[in-house]
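Please consult the sequence and the structure below while reading.

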Amino acid sequence: MKLRGRPGLAVAMGSAVVALLVFYCALSGSQVLRAIAFYSPGRIEQQLYKLDVGWPKRPEYFTGQTFCVAVDPLHDLVYVAQRGANVPKVLVFSDEGNFLHAWNSTVEMPHGIFAVSTPTDTSIWITDVGSGEYGHTVKQYSPSGKLMQILGTQGKAGSGLNPLQFDQPAEIFVEQTGEIYIVDGDGGMNNRLFKLSTDFQEIWLRGENGTGVGQFKIPHSVTVDSVGRVWVADRGNKRIQVFDKVTGEWLGSWSSCFVEDGPSSVRLTTNEEYLIVAQLNINRVSVLAAPPIGSIGDCHVVNTIQLADEVKPHLVDVNVKTGAIYVAEIGAQQVQKYVPLN
């Protein structure tokens, strides 16, 4: 059953501890969901985002489990990857929410998706965690779905470096320079973070299974900021770890914000003032204060969007031009768009 969830919005009232607003929505007029926004004692939260209830214009195009979403801000496009039998694996929408087209070439079980766009070239990268002939790979596509590059050994899980092998690679982040960051280990044998050069050669590799500094337990999402820090959602260890993008040196970690559930996704807002973090098992999207240059410091929650039960936000992306947040929800089988209020 596909559920269309609607999040709660804050109503700040002096020193009130909890504010809630119940939203109703229905699929075919029958399913009602409740969403509540939770707030910590002694803290008044300012609402930062609102739901764009009209995006997409025709949600019936979501026919599978929507695992990931990627924004191409240069061309105002949104790519959604979904799983399921006999469903198109990649859906393409305009930023306004119009469905444009779909493609399904050589994608088995998409997990993460990333769009990198320059004035001269656009690529869509997908991590494929399938166990069939196309799985355990990271693949580069043209915007129309033409397969351009395969990283890893198709259909074969492994930890090798020559040739490069993956086991359920979770997500990829590609800088405008073409340098690539991959978190490899959505529950497979590997728990590691790669940095690759523009010609797909290893620059550095960090991580192994464990709970110590620089170790991972299901590294699930990765992003890079403008001051040279690599942020990794270390989901199984309920923390975010931070590394130097040039050397791979460990810079710090956050865990105090993730007592209830580990982070499944991490992205930066346009001005890099905040980190947007999804927490799948508690159906929450949190806005965290991003530290300036220097010490990583402690984790601070600025705002939360509490989604309905079983919505399960998996991975998110941010339109760096408009500031809009897109949330891929595998439980609700939809992508929702949130727009900044200022």
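## Aromatic pairs

Twelve aromatic pairs are found in a search of the whole structure; rings of Phe, Tyr and Trp (its six-membered ring) pair if their centres lie within 6.5 Å, and planes under 30 degrees apart count as stacked, over 60 as edge-to-face and the rest as tilted. The model is predicted: local features need pLDDT of at least 70, side-chain atom pairs count only at pLDDT 80 or more, and totals for chains, interfaces and linings use all residues. Residues are numbered from 1 along each chain as its sequence is written, and side-chain values use heavy atoms, with hydrogens and water left out.

Trp55 and Tyr326 are edge-to-face, at 5.1 Å centre to centre and 70 degrees between the planes. This pair links the loop between β1 and β2 (65-72) with strand β23, 271 residues apart; strands (E, at least two residues) are DSSP runs numbered from the N terminus. Trp55 and Tyr326 are both buried, that is, under 20% relative accessible area (1.4 Å probe, protein chains only).

Tyr326 lies in strand β23, which belongs to an open sheet of four strands in the order β1-β24-β23-β22, with antiparallel pairing. Two strands pair if DSSP finds at least two bridges between them. The edge strands, β1 (49-51) and β22 (313-318), each pair on one side only. Five bridges join β22 to β23 (residues 325-329), and Pro313 stands opposite Glu329 in β23.

Methods: Buried means under 20% relative accessible area, exposed over 50%, partly exposed in between (1.4 Å probe, protein chains only).
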